[in-house]
Amino acid sequence: MTNEDFRKSAHKMVDWMADYMENIESFPVKSQVKPGEIKSKLPNRPSQQGEDMDTIFNDFKKIILPGITHWQHPSFHAYFPGNSSKPSVLAEMLTATLGVQAMIWNTSPAAAELEEQVMEWFKTMMDLPKEWTGSIQNGASDATLNAILTAREKISGFTTNQVGITHNKLRVYCSEQAHSSVDKAMAIAGLGKNNLVKISVDNAFALKEEALELAIQQDLEEGFTPLMVVAAIGTTGSTAIDPLEKIAKITQKHNLWLHVDAALAGTALILPEMRWMANGLSKGDSLVFNPHKWMFTNFDASVYFVKDKVALINTFSESPEYLKTKEDNEVTNYRDWGVPLGRRFRALKLWFVIRSFGVEKLQEKIRLHLEFSQDFKSWIEKSAQFRLMAPVDLNTICFRYLNTNKTKEEINLINKQLLEQINSSGKAYLTHTKLNDWFTLRLVIGQTNVAEKHINQVKALISNLIKNSNLN
Ligand SMILES: *Cc1c(COP(=O)(O)O)cnc(C)c1O
């Protein structure tokens, strides 16, 4: 491709990108294709001769786009948002153009030093413990694995990496509502999923601290070695908030690592009025949250803060001859901060987003999402047709359609059908969870451009479906 061709195609694609952003609401939120439909339109073999960009781009529009679920549609209320924004997109274009592999300081000093500085900004923005250190990880799952591996290495006096696991009775604790990434990390770290102790939750789906204390006591009596507690600020099911301060008392008493998973909800810590969720954090050891969920930065950008930076680096540092540089003692080499060696230059998009919005605008948007969530919650509570299924402290409303004449199984089925009808309308996209065995609809309000009208639209959509359907 010549530079002239690149310039032409790039301008055309940027125009398409701007049009897409402008017209995104004309697409069905959730892709409506059937399994196999997209693949059947793709050739079995790669092209032997190069094709021109116009042909490729046309196929993108014709074949790929129908199979896209539009995460940036303001009526995307499913899962948790994976949101983006214009400054983030612009930064990603530059990142791809520079094509930097930011494994060590030497391979691009700006990537390392910008990451260091942006991590300091986060500490200020979110009032995190001053002595903690941050780094960008791929995702919250990686950060949780990172925390478990570091704790595992530390408890063994930094011998496990060398000799393998000799401590075979290490135990980790989290609530029944914790994310499956904790189970996965137990498996990968060689600690075994059976050694992940799931602690029961209260009516608000938050971890019961008395049950945690009991479980630890019992494990100690049975000869296990308690290692870590993973507390959640904002569980994935219902955004439950574990009582961090009380959990921290327990982890301090037993000298356990306290890792805090705030994948979605961490963003809300930029609001002073939401910082109660993190009370006790300074007594903990690590925190992860994903700007790629709710902070208008496109995937992937997960931020991991840790108290004991030395333990972290001792766990992951490998220094083969070909990666040694004369600056090693003066600079941050992020290859030592996690599993992968290679790293994308992800600090750039965070820098663009934070500067372009400014902290105040970020706060304003998050506050707005919280207000919309309270509004939707009241709508559910006021209606005799619905039942609210969990407290709404953040941006996720868990509810179900009520039908008093039916059995639990029948009501679950009706709610499942309601969800399918919402999603196949193309007008909004919600997902579900199970709470106390009830099929529960989850409506998440965190898309970058979600406005009041989209909340009104989804209310009208749900009401109309119920009115006009045979769900009764
Ligand atoms: C989304 C989520 C995760 C997983 O995040 P990834 O970045 O996709 O690995 C972990 N924990 C919680 C609470 C989450 O909501």
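Lys293 reaches the ligand through its side chain: a polar atom there lies 2.9 Å from an oxygen atom of the ligand. This is a predicted model, and every distance here is computed from it. On its own, the ligand has 380 Å² of accessible area, and the protein covers 85% of that.

Now step back to the whole shell. It holds 13 residues, and those that come nearest to the ligand are Ala140, Ser141, Asp261, Asn290 and Lys293. What is the make-up of the shell by class? Eight of its residues are polar, three are nonpolar and two are charged. Two helices stand out as suppliers. Helix α5, residues 140-155, gives at least two residues to the shell, and so does α10, residues 291-294.

The peptide bond that runs from Phe299 to Asp300 is cis, and its omega is near 5 degrees. Both features deserve a second look in the backbone. Most peptide bonds are trans, and most residues other than glycine have a negative phi.

A positive phi turns up at Asn255 too. The value there is near 60 degrees, again in a residue other than glycine. Asn255 lies in the loop between α9, residues 244-254, and β5, residues 257-261. Is Asn255 buried or exposed? It counts as exposed, because its relative accessibility is 71%.

Next come the aromatic rings. A pair of aromatic rings is described by the distance of the centres and the angle of the planes. The structure holds 18 aromatic pairs. Take Trp16 and Phe57 to begin with. Their ring centres are 6.1 Å apart and their planes are 80 degrees apart, so the pair counts as edge-to-face, a label for angles over 60 degrees. The pair ties together distant parts of the chain, with Trp16 in helix α1 (residues 3-23) and Phe57 in helix α2 (residues 53-64), 41 residues apart. Phe57 is buried, with 9% relative accessible area.

Tyr429 is buried, at 7%.

Ring pairs also build a cluster. Its members are Trp16, Tyr20, Phe27, Phe57 and Phe60.

The cysteines come next. How many disulfides does the structure hold? There are zero. The sulfur of Cys174 shows why: the closest cysteine sulfur, in Cys398, is 18 Å away, which is too far for a bond. A disulfide would need the two sulfur atoms within 2.5 Å. Cys398 is likewise in no disulfide. Both residues are buried. Cys174 counts as buried because its relative accessibility is 0%, and Cys398 because its value is 1%.

One last stop is Ser108. It lies in the loop between α3 (86-98) and α4 (109-126). Ser108 counts as buried because its relative accessibility is 19%, and the cut-off is under 20%. Ser108 and Asp52 are 56 residues apart in sequence. In space, their C-alpha atoms are 33 Å apart.

Technical notes: Residues are numbered from 1 along each chain as its sequence is written. This is a predicted model: local features need pLDDT of at least 70, side-chain atom pairs count only at pLDDT 80 or more; totals for chains, interfaces and linings use all residues. Side-chain values use heavy atoms; hydrogens and water are left out. Buried means under 20% relative accessible area, exposed over 50%, partly exposed in between (1.4 Å probe, protein chains only). A residue is near a molecule or strand if one of its heavy atoms lies within 4 Å of it. A polar contact is a pair of N or O atoms within 3.5 Å; within protein, one must be able to donate a hydrogen and the other to accept it, and residues adjacent in sequence count only if both atoms are side-chain atoms. Accessible areas come from the Shrake-Rupley method with a 1.4 Å probe; for residues, only the protein chains shown count as cover. Helices (H or I, at least four residues) and strands (E, at least two) are DSSP runs, numbered from the N terminus. Ala, Val, Leu, Ile, Met, Phe, Trp, Tyr, Cys and Pro count as nonpolar, Asp, Glu, Lys and Arg as charged, and the others, Gly among them, as polar. Rings of Phe, Tyr and Trp (its six-membered ring) pair if their centres lie within 6.5 Å; planes under 30 degrees apart count as stacked, over 60 as edge-to-face and the rest as tilted.
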